[in-house]
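Morning, everyone. Please look at the screen.

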Amino acid sequence: MVARFRIVGGARLHGEVQISGAKNSALKLMAAALLAPGISTIRNVPDIADVDIMAELLTRLGCTVVHGAGEVKITVPEKLSHRAEYDLVRRMRASINVLGPLVARMKAAEVALPGGDAIGSRGLDFHIKGLEALGAQIHNEHGYVIATAPTGLSGAEIVLDFPSVGATENIMTAAVLAKGVTTIDNAAREPDIVDLGEFLIAMGAKIEGLGSPKITITGVKELSPTTHETIPDRIVAGTWAFAAAMTQGDITIRGANASHLEVPLEKLASAGAVVTTTTDGIRVHMENRPQAIDIATLPYPGFPTDLQPMVITLNAIAVGDAIVTENVFEGRFMFVNELIRLGAQINIDGHHAAIRGILRLSAAPVVATDIRAGAGLVLAGLVSDGITFVDDAFHVDRGYPNFAEQLQALGADVTRVE
Ligand code: UD1
C-alpha cells in the first residue's frame, strides 16, 4: 500500500525531539564492516528503511546481520561473495560503498551501476579513477562495474576533481588494506568521513588528516572487527532547526552536535531565530516571521545540499527576497515545482532559485521526489492554509525515523494515510 502524509497547516512546533544516528554514516560503517572477518557492532543506528536494505545487501554477500533496538551486529565470514545486485543498488545508492571493501578484501567486486537519481546524474568516475590508481582493473559490463585486483592494491597519490563524499569513502576503504601509502587530495571533509575514518582506525587502520582536505592512509595487512557508535544525524537535526524557524516555534533538538551545523545555524540566526547550544543539543526559537536568507550549497563545511529544500521552503514564507544557489546536485530543484503548486513564488535560472517570500502557502496535493524534498514538502504543508497531502511518503521514511509521530509530539496535526 502506498502511503502519503496528511498535513493540517498552521501549527507552531513546540517541544523536544531526540536525534538518532546519521543515516549517511551508519550505512557506510555497515559497508566498511566487510573489511574484517568476525563480528562488528554498530550502535546508534537509525530506525529507517535504508538500514534494512544495507543489511539485506550484506546478507547476500555472505554476512549474518542482526538488527534491533538501534544496533546492528554484522558477522563477516572469511570468504565473501562479491556481487551487489541491481535490485538493491537501485533502491539505495549507498550500496556503492561495498565496492572499495570488496576489491580490497576479495580482490574482486561486481556492483550494479546505480543509474540516474532524482537529484542529478551522480557519476561514479571519481570512485573508479581512484580505485584504478590503487591498481584495480575496472570496466563496465551489462550494467555492472566489474573490478579486479589479482595482485592486490598498492598505495597511490590521488587528487579528486571534486570533494566527493562517496568517492573519498570508497578510496579510503580500499586503501586501508593496500600496500604502502595513499594520499587523497581534495578529500571530502564531512563529519561522515571522520566517523568512517575513526571506525577504520578502531579496526586497526592507519589514517591521518581526517576532516582536512588531505587524508593519508598507510595500508595494513589485515583489520579486526570492532564496536562503534554512529555520530548524530546532522541533516535530521538541521531539518528540525529549520522547522522551528519557519513555523515560528521553539524546538529543543536533543543529541544534535552543533559543531556539525555551524553554517546552517548561523544562517538561521540571520533569519531572526534565537539559536542556543545546550549541554546535549540545540534549541531553536523563533518569535516572528523569518527574514529571507541567501544561501549557496557547498561541500562541508559549507551549507549542505541536503538542507536546501528546507531553506527554500523557509524563504517561500519569509519577509523579503532570496537567492538559493545549488552547487552540488544539478537536479535538486525538481522539488521546487511541487512547492510552486503550493503557491510559492520561485523562479529557477540554471542553478539559482530566486524566491519572493509570501505570508503563507496554500495547501495542495504534492509528490515527494527524494528524501529531503519529501521532508521539505511536509514542512511546507505546516506553513500552508488548509490540508496538504504529500505522496510517496516512502522517500521520507528512508531518512527520517517516525517523522509523523515526531511532528505530532511537537503539536502538529500530521498523519500517515495508506
Ligand atoms: C552523499 C550523501 C548525500 C549528500 C552528498 C553531498 C550518502 C548516501 N549520500 O552523496 O545525501 O547530498 O553526499 O553531501 O551519503 N560526482 C561525480 N562523480 C563521482 C562522484 C560524484 O561527478 O564519481 C558528483 C555528483 O554527481 C555530485 C557531486 O559530485 O554532483 C557530489 O557527489 P558526492 O559528494 O559523491 O555525493 P554522494 O556521496 O553521492
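Radius of gyration first: here it is taken over C-alpha atoms, and the globule rule is 2.2 Å times the number of residues to the power 0.38. With 418 residues, a compact globule would come out near 22 Å; this protein has 21 Å, so the two agree.

A word on the source. This is a predicted model: local features need pLDDT of at least 70, side-chain atom pairs count only at pLDDT 80 or more, and totals for chains, interfaces and linings use all residues. Residues are numbered from 1 along each chain as its sequence is written, and side-chain values use heavy atoms, without hydrogens and water.

Now the size. Along the principal axes, the C-alpha atoms fill a box of roughly 65 × 45 × 40 Å.

Next, the parts. The protein has 14 helices and 26 strands. These are DSSP runs, numbered from the N terminus: helices are H or I, at least four residues, and strands are E, at least two.

How much is buried? Of the 418 residues, 57%. Buried means under 20% relative accessible area, with a 1.4 Å probe and protein chains only.

Take helix 1, residues 23–32. Here 9 of the 10 residues are buried, so the rest of the structure largely encloses this helix. Among them are Leu27, Met30 and Ala31.

Pairing needs at least two DSSP bridges between two strands. Strands 6 and 7 pair in the parallel sense, over 2 bridges. There, arginine 83 stands opposite glutamate 110 in strand 7.

Technical notes
Buried means under 20% relative accessible area, exposed over 50%, partly exposed in between (1.4 Å probe, protein chains only).
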